[in-house]
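Let's take a walk through a protein chain together. Have a look at the model first, and then we'll go through it step by step.

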Amino acid sequence: MFAEHIEHDQLGSIPIGTLSTEYYWLDRWYNVFRFRDADLNLKKIYCNISMPPRFDGEILTYVDLDIDVLVEPDFSYRVLDLEDFEDNARHYNYPPAIQTEAQRALEELIRSIETRAYPFNVS
């Protein structure tokens, strides 16, 4: 639960009391954040394309690859920051395998949104 009001450049206003449920998979190249208000109404879903996380038993870490997908309550969505990923891939010389996995993850994520697969089928 958010303890303070946040203004986010892509999510907009996140009021105090907003609930966030986060989904991570150790074998997937993305993670998902579901934001709900105090009455449990879905406000937004924010997805990050990232390298698979690592969990050492206490701390979960991951490398964010810049590409994001913002999903509205009606499940319309926008892909964000694709240009940032492409610029960073050139600048930091991302290996082809990372670029391929990021693109595959974006396609899988969009397919999951469009078909309402887990976790996009959770109330």
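Here is a tour from the overall fold down to a few charged side chains.

Keep in mind that this is a predicted model. How big is the whole thing? The C-alpha atoms fill a box of roughly 45 × 35 × 25 Å along the principal axes. A compact globule of 123 residues would have a radius of gyration near 14 Å, and this chain has 15 Å, so the two agree.

Of the 123 residues, 38% count as buried. The chain exposes about 7400 Å², with carbon and sulfur atoms supplying 51% of that area.

Next, the charges. You'll find 11 positive and 23 negative side chains, and the centres of these two sets lie 6 Å apart. Side chains of opposite charge can pair when their charged atoms come close. Here, the count comes to four salt bridges.

One of them sits in helix α1 (residues 82–91), where R90 and D87 are three residues apart, which means about one helical turn separates them. Their side chains meet with N and O 2.7 Å apart. R90 is exposed at 60% relative accessible area, while D87 is partly exposed at 41%.

Helix α2 (residues 96–115) holds R104 and E101, again about one turn apart. R104 forms a salt bridge with E101 at 2.9 Å. R104 also meets E108 in a salt bridge, at 2.7 Å. Through these shared partners, E101, R104 and E108 join into one network.

Definitions and conventions. Residues numbered from 1 in each chain as written. Predicted model: local features only at pLDDT ≥ 70, side-chain atom pairs only at ≥ 80, totals over all residues. Heavy atoms only, no water. Rg over C-alpha atoms; globule rule 2.2 N^0.38 Å. Buried < 20%, exposed > 50% of the residue type's maximum accessible area, 1.4 Å probe, protein only. Areas by Shrake-Rupley, 256 points an atom, 1.4 Å probe, with all protein chains shown as cover. Lys, Arg positive; Asp, Glu negative; His and termini not counted. Charge placed at Lys NZ, Arg CZ, Asp CG, Glu CD. Helix = DSSP H or I, 4+ residues; strand = E, 2+ residues; numbered from the N terminus.
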